[in-house]
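New page in the notebook. I want to look up a few contacts and write down what I find.

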Amino acid sequence: MRIDLNSDLGESFGRWELGDDQALLSIVTSANVACGFHAGDPSVLRRTTAEAAARGVAVGGHVAYRDLAGFGRRFVDVPPAELTDEVLYQLGALSAFTALTGDRIRYVKPHGALYNAIVHHEDQAAAVVEAVRAFDPDLPVLGLPGSRFLEKAEKAGLRTYREAFADRAYTPQGTLVSRREPGSVLHDPEAIAARCLRIARGEPIEAVDGTEILVEADSLCVHGDSPGAVDIARAVADLLRAQGVTIAPFTADPSAPDSFTTAPSTSA
């Protein structure tokens, strides 16, 4: 068994610090790095990509709506052509800093409201796919299983990977429970780790209403801005490895062109 462990990082801005990126980069195998639209400034992006490269962590472009005030968690009705350009702009900014480390962006994962919108929003899903295809048609994308985004990306010839969320509750339909709802964010590291082990094994987990659903995943996400994120990520990594699950970047697939081959980091 093998699975990736990712986290949303590089989300500090100026004097405002969010999360413990250094600690998380010692645990996770992929880093979804903010590109300046929902969080992150140039110095944060440079520091985060450099630290990720030093630790052998794959960097993904965490593209978002232009919504610093709302942390990218508010839907924005952006015209598709404009959204394509904004995603391209973000990938270009992040790629400047990955190039300085001698590496490149390894995948794209939308953030927040954009991530949730393109589960069903046809036009915006197509706009994000077009941006990735225009930037680099060999670049994989990471998203919610069954989403319009992954469906359109696959049809466009992009490599697609499925994501599950370690610290978020699911609806019976396999989508994420809105953060406005009670119980939408999980906090118990041991319970979260046990649920992640079930996902890695291909076993069902409980939805918010108690029903069992199957969430297929190539990568598990721990939100870097969640309280206790480091403890959660470490508990997940430790339990998976103890149960014989290999944790490695999904971009290290040997069948993928120019695979990311650096050995995965171990937990601190």
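My opening question: which residue forms a salt bridge with E122, and how far apart are the closest N and O atoms? I looked it up, keeping in mind that this is a predicted model. The partner is R148, with the closest N and O atoms 2.6 Å apart. E122 sits in helix α5 (residues 122-135) and R148 in helix α6 (residues 148-155), so the pair ties together parts 26 residues apart in sequence.

Next entry, other salt bridges. I get 15 of them in the structure. I picked out D8 and K109, whose side chains meet at 3.2 Å, N to O. This pair links distant parts of the chain: D8 is in strand β1 (residues 2-9), while K109 is in the loop between β4 (107-108) and α4 (112-117), 101 residues apart. D8 is buried, at 4% relative accessibility, and K109 is buried as well, at 2%.

I also noted D67 and R74, bridged at 2.5 Å, N to O. Here D67 counts as buried at 5% relative accessibility, whereas R74 is partly exposed at 44%.

Next entry, cysteines. How many disulfides does the structure hold? I found 0. I wanted to see why, so I took two cysteines. The sulfur of C35 has its closest cysteine sulfur in C221, 15 Å off, which is too far for a bond. For C221 the closest cysteine sulfur is in C196, at 9.8 Å, again too far. I noted that C35 is buried, with a relative accessible area of 5%, and that C221 is buried with 0%.

Next entry, nonpolar residues. In soluble globular proteins, nonpolar side chains tend to be buried together. The largest nonpolar core I see has 72 residues, and L5, Y170, L220 and V236 touch the most other members. Helix α8 (residues 229-242) gives the largest share of this core, 8 residues. I also logged a second, separate core of 5 residues, including A58, Y107, L142 and F250.

Last entry, the surface. I found a nonpolar patch made of F13, W16 and L68, with about 300 Å² of accessible area together. L68 lies in the loop between β3 (58-62) and α3 (80-100), and is partly exposed, with a relative accessible area of 42%.

Key: Residues are numbered from 1 along each chain as its sequence is written. This is a predicted model: local features need pLDDT of at least 70, side-chain atom pairs count only at pLDDT 80 or more; totals for chains, interfaces and linings use all residues. Side-chain values use heavy atoms; hydrogens and water are left out. Patches are made of residues with over 30% relative accessible area and no salt bridge: like charges are joined within 9 Å, nonpolar side chains (Val, Leu, Ile, Met, Phe, Trp, Tyr) within 5 Å. Accessible areas come from the Shrake-Rupley method with a 1.4 Å probe; for residues, only the protein chains shown count as cover. A salt bridge is a side-chain nitrogen of Lys or Arg within 4 Å of a carboxyl oxygen of Asp or Glu. Helices (H or I, at least four residues) and strands (E, at least two) are DSSP runs, numbered from the N terminus. Buried means under 20% relative accessible area, exposed over 50%, partly exposed in between (1.4 Å probe, protein chains only). A nonpolar core is a set of buried Ala, Val, Leu, Ile, Met, Phe, Trp, Tyr and Cys residues joined through side-chain atoms within 4.5 Å. A disulfide is a pair of cysteine sulfur atoms within 2.5 Å.
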